[in-house]
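Welcome, and please open your viewer.

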Amino acid sequence: QRLQARCKSASVLGAAVASGYSINFSKRSDKDGSGKATIAKSDANHSTVYGVLFEIDGSELSELDKFEGCGYGYIRNDSFDVELIADSRQLQVSTYIAQSGYVDSTLKPYDWYKALVLAGALQNELDSEYVINLRSTPVIEDQRENQDTKLEALDALRQAGYPDYKQI
């Protein structure tokens, strides 16, 4: 819902997997100092990142870049290899990855931010072990009441059927 609110043309193609990568929340947010999601190459055996693949009209890409922080700690990789799970098709897609100068492995995400990631994983029925791994990510409780990004995220979660993000 959040992506589709930002990019009206966004349509789900399905769940996808990227082998040789892991997800973490080590991208430093310049706005609040919390950890944001990124993916990184991993040497661990069978390391994989699951996600949802969307098709977006090219006219909305620059707007999506702004929402995703491209140029502000993230770079867009337009030749990222994934496998579409439904039919095992190998595709090159675009994704956003943290720039090395913005990575700090000591960071933690805010509770509501992790809830967004979890809600997307649950809604799209991503791999259960992957969801368990996401659930185990430690968080910081965000005590700020009227922060715009938090309020937008909580509204998106409510619209997705999660009235209490702490229960996700």
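Which residues have the most contacts inside the largest nonpolar core? Select F80, W112, Y113, L157, Y165 and I168, which hold that place in a core of 37 residues. A nonpolar core here is a set of buried Ala, Val, Leu, Ile, Met, Phe, Trp, Tyr and Cys residues joined through side-chain atoms within 4.5 Å. Helices are DSSP runs of H or I with at least four residues, numbered from the N terminus.

Before moving on, a note on what you see: this is a predicted model, where local features need pLDDT of at least 70, side-chain atom pairs count only at pLDDT 80 or more, and totals for chains, interfaces and linings use all residues. Residues are numbered from 1 along each chain as its sequence is written, and side-chain values use heavy atoms, with hydrogens and water left out.

Next, zoom in on F80. Beyond its neighbours within four places in sequence, F80 is in contact (heavy atoms within 4.5 Å) with A18, Y21, I39, L91, Q92, V93, T95 and I97.

Then go to D65 in helix α2 (residues 61-68). Is D65 buried or exposed? D65 is buried, at 14% relative accessibility; buried means under 20% relative accessible area, with a 1.4 Å probe and protein chains only. Not counting residues up to four places away in sequence, D65 touches C70, R76 and Y96.

Last stop: T137, in the loop between α4 (128-135) and α5 (148-159). T137 is buried too, with a relative accessible area of 18%. Show its side chain: a polar atom there lies 3.1 Å from the backbone oxygen of L134. Leaving aside neighbours within four places in sequence, T137 is in contact with F25, P109 and K114.

Notes: Helix = DSSP H or I, 4+ residues; strand = E, 2+ residues; numbered from the N terminus. Buried < 20%, exposed > 50% of the residue type's maximum accessible area, 1.4 Å probe, protein only. Polar contact = N/O pair within 3.5 Å; in protein donor to acceptor, adjacent residues only side chain to side chain.
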